[in-house]
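The tour goes from one selection to the next.

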Amino acid sequence: MKRLIPLLVLALGALYLASTFFPRKPQSEFDLEGFGRLPVLVNGRVKPLDTVARTSLLMMQGRQRFKAPNGETLSPQEWLLDVVFRANVADNYQHFEIVHPELLDLFGLRPEDGAGKKRFSFAQLHAKLPELQRQTELAEQTESAARNSFQRAVINLFQHVMQYHRLKYSLTSPDSENFLADLTKFQSDLAKGVEAVRAKQAGQPHDETIATTVMNAARSFDFMAQVGFLLAIPPAPDNANLDDWKTVGGALLASFETGQVEPHALAYAGLGYAWRMQQPEQFNTIVKLYRDQLGQRFDSRMTKSDAEARFNAAAPFGTATITIYVLALLLAVFSWLKWPEVLQKSSLYLLGFAWIVTTVGIATRMWLEGRPPVTNLYSSALFIGWAAVLLCLALEFFFRNAVGSAAGGVIGFCTLLIAHHLSLSGDTLEMMRAVLDSNFWLATHVVTITIGYSATYLAGFLAIVYIFRGLLTRSLDKATADALTRMVYGIVCFATLFSLVGTILGGIWADQSWGRFWGWDPKENGALLIVIWNAIILHARWGGMIKQRGLMSLAVAGNIVTSWSWFGTNMLGVGLHSYGFMDAAFWWLTGFVGSQLLIIGLASLPLELWRSFRGAETPARRAEPAVSSAS
């Protein structure tokens, strides 16, 4: 019966994950999924409206789910539909997160005025928006690295308010009570209106009413073209450039030249009317016809757009996968206390399953983006976790002591958590910067150096397992201590090789891009530090200068060095490699460094204190004499 337990645990984990991958669809007669899969061009990339909705909510309020003032939970698509088609309703949605006390005082708000004591609506902010803009202009005069918390909060909120404002004007004009009727009338008056405007400009007799109507429409379309940021209108059939998308406002301005209202703009106006009037049949018909029309010209892009929307809903890197990693960790830890064989296998199966899910997720991102796995900080977090867990699975296959599973559970959990927080900055499938636009170097230098990060972190976390098992439990016998030492030593060798090769490849890329192999850039220095630190560990061990606990302490310090290279150099806000100033991560990085220093301090305590923690002689004490030998 015990042999079936690991398989049962795996089956339960798979069922749990599958239940989250196929969430219950919203109980709505509207084809929300079809609307969410409509493609638009944003920031140089064609993406579904579903992605626009989810990333906007993440940026504004830090989560994708949204609860309306009436207590109803809205899907991201429903939220976006209200923003673009029912702005008068969406203005009262509390989705702007404000936690800074001074920023709340600026708007005369209290935490109790907001949803969850931290989320507020556009209507609550509207009166003080001029002051917010003034404070933003003042804050932007200060260098980003020198801004205080209030200045950063002001700039972030202003950016979120502007994004919301631009969303409102992306598909229809919120100033119009019935945009579809206005466009229909504009179409009927367009020819006469253009003639009337020309006659008016020439001082000739004209119909003033029609001329005024057309001129007002032109001003409205021009404002939409300037403010709206969703390029929702695809290029005309005779346009060979498939990336030449337009805003709705820009397409409507072109009506004065073509003499005809853009049909795609009419389709969005029809969707808006059907949504406002709660006419699901008409809404669904327009969605289907529009999708069918786009599919005839943009079949491959529609396929990717549909797949991305399904990928967003599945959320392979979400809470469910994180939970599986945590369960794998707990089973591995408990295996050191009870049922070692059964729980070790259960932990290994869960860890392998979570790794497979992560692999599928990363592979899907690569297909959607058409790039190697690591293109930005978000994808680097995913890949570091993926590579480290793969190494953990290999360690567990050879050693079968649940240490690899425990380390894999910790690293998988931490990297997915880091990736979640990085996703709050916007689209994680963003277009590449020009200097990075090279699949060859992304697949060689970036992947290799990131594997070096993964291995260095893994060595550090294995060392943490050694320290806490020896300090707090009686499970660190001589055999386990020696096995952990061999694990850490082997992983450090692996990390040194990949970090060195990755750094050299980066220098070759830098020579091609900037005309110099090495420039002592902060990121370059960080990569070199990882190589030097791993080399120090190996030389100290080969020279007999450290024993087991010394090796573990240096491996933990490698976590600090790697974190500095990965995140710390970005916080400096200088250098050619500063692709994202992560000031919000400063305190998290500081806390992590502090925790690693504390662990190193615990590892350095005299063995007598280790025994006092456990209340008995520690097995690590008995293992210590053999540590300095090459085991």
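Buried means under 20% relative accessible area, exposed means over 50%, and partly exposed lies in between, with a 1.4 Å probe and protein chains only. This is a predicted model, in which local features need pLDDT of at least 70, side-chain atom pairs count only at pLDDT 80 or more, and totals for chains, interfaces and linings use all residues. Residues are numbered from 1 along each chain as its sequence is written, and side-chain values use heavy atoms, with hydrogens and water left out.

Select Ala-402 first. Ala-402 sits in the loop between H19 and helix H20 (403-422); helices are DSSP runs of H or I with at least four residues, numbered from the N terminus. Ala-402 is buried, because its relative accessibility is 0%. Its phi is positive, about 70°, although Ala-402 is not a glycine. Most residues other than glycine have a negative phi.

Next, select Gln-344, which is in helix H18. At 17% relative accessibility, Gln-344 is also counted as buried. Beyond its neighbours within four places in sequence, Gln-344 is in contact (heavy atoms within 4.5 Å) with Ser-335, Trp-339, Arg-400, Asn-401 and Ala-402.

Now go to Ala-315, in the loop between helix H16 (299-314) and helix H17 (319-335). Ala-315 has a positive phi, near 50°, and is not a glycine. With a relative accessibility of 34%, Ala-315 is partly exposed.

Last, select Gly-370, in the loop between helix H18 (340-369) and helix H19 (377-399). Is Gly-370 buried or partly exposed? Gly-370 is partly exposed, because its relative accessible area is 41%.

Conventions. Helices (H or I, at least four residues) and strands (E, at least two) are DSSP runs, numbered from the N terminus.
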